[in-house]
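This report describes a protein chain and its ligand in running text. Please look over the sequence and the structure before reading on.

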Amino acid sequence: MEEDEEQTEEMEMYNYVGQEIVIQEGFDSYAGMIWPGALALSQYLDSHRSQLNLMDKAVLEIGAGTGLLSIVASLLGAWVTATDLPDVLGNLTFNVSKNTRGRCRHTPQVAPLSWGYDLERTYPTAIYRYDYILAADVVYHHDFLDELLATLKHFCQPGTTLLLANKIRLDKCFFLKLFDYSVTVFLFILLFHRAH
Ligand SMILES: C[S@@+](CC[C@H](N)C(=O)[O-])C[C@H]1O[C@@H](n2cnc3c(N)ncnc32)[C@H](O)[C@@H]1O
């Protein structure tokens, strides 16, 4: 590699559901990196298989980033749709397809979903009903917090379980707003980070 040539991609290896998962990371956006929330939820899903059985369940991930969590849910037998902003779907599609082809009961889908945008037209509630919504580290400093709440509200129908893992950031009251929604079970893994 030339001295001034920047490395833009890196492969990271993980092991969940007894399978080796290779994730291509990119460093041009937040979506290209694996965040602590994705690792926490992947570990949780893998180690709580008997309590939280994802077999044949309809699962939607929002802000899926590299796709690690969606891959783990797929390997656990769920019918998964991994979503993110349209311009980051290339790497997401690459990782999901590379790690699930021939290994999963249901082929996972990758689809665009911009929080708060055109939800009822693109994902009408009468048609799209999910057993689980996965959200890992989607709460941080960005301009779409209201749209994120509206998106969770849209998909959290009666009978839906929201699994959210996030480092504590911003005003902690933000997280409490999520409890306003009528979700059957609400798993909330908050990752505490001690500032230096
Ligand atoms: C901090 S990253 C977390 C990625 C992944 N969930 C993880 O934990 O590794 C936040 C993710 O939310 C996505 N995102 C940010 N704003 C968004 C928006 N307005 N609509 C949809 N996705 C968005 C980003 O593209 C990115 O993939």
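Predicted model: local features only at pLDDT ≥ 70, side-chain atom pairs only at ≥ 80, totals over all residues.

Residues are numbered from 1 along each chain as its sequence is written.

The protein chain has 6 helices and 8 strands, where helices (H or I, at least four residues) and strands (E, at least two) are DSSP runs numbered from the N terminus. Their order from the N terminus is β-β-α-β-α-β-α-β-α-β-α-β-α-β. Of the 196 residues in the protein chain, 35% are buried; a residue is buried with 20 or more other C-beta atoms within 10 Å of its own, exposed with 12 or fewer, and partly exposed in between, with C-beta atoms placed from the backbone. Contacts are pairs whose C-beta atoms, placed from the backbone, lie within 7 Å. Among contacts between residues at least 6 apart in sequence, 70% join residues at least 24 apart.

Helix H3 spans 16 Å from its first C-alpha to its last, close to the 16 Å expected at 1.5 Å a residue, taken as 1.5 Å times one less than its number of residues. Its buried residues are Leu 89, Asn 91, Leu 92, Asn 95, Val 96, Asn 99 and Thr 100. They lie on the same side of H3 because they cover an arc of only 165° around the axis, taken over the directions from the helix axis to the C-beta atoms. Their cover includes the elements H2, E2, E4 and E5. Just after H3, Gly 102 has a positive phi of about 75°.

| Element | Residues |
|---|---|
| Helix H3 | residues 89-100 |
| Strand E2 | residues 19-26 |
| Strand E4 | residues 79-84 |
| Strand E5 | residues 109-112 |

Phe 144 sits in the loop between strand E6 and helix H5. Phe 144 is partly exposed, with 16 other C-beta atoms within 10 Å. Outside four places in sequence, Phe 144 contacts Trp 115 and Gly 116.

Around the ligand are 23 residues, of which Ala 31, Trp 35, Ala 38, Gly 63 and Gly 65 come nearest; a residue counts if its C-beta atom, placed from the backbone, lies within 6 Å.

Note on methods
Contact = placed C-beta atoms within 7 Å.
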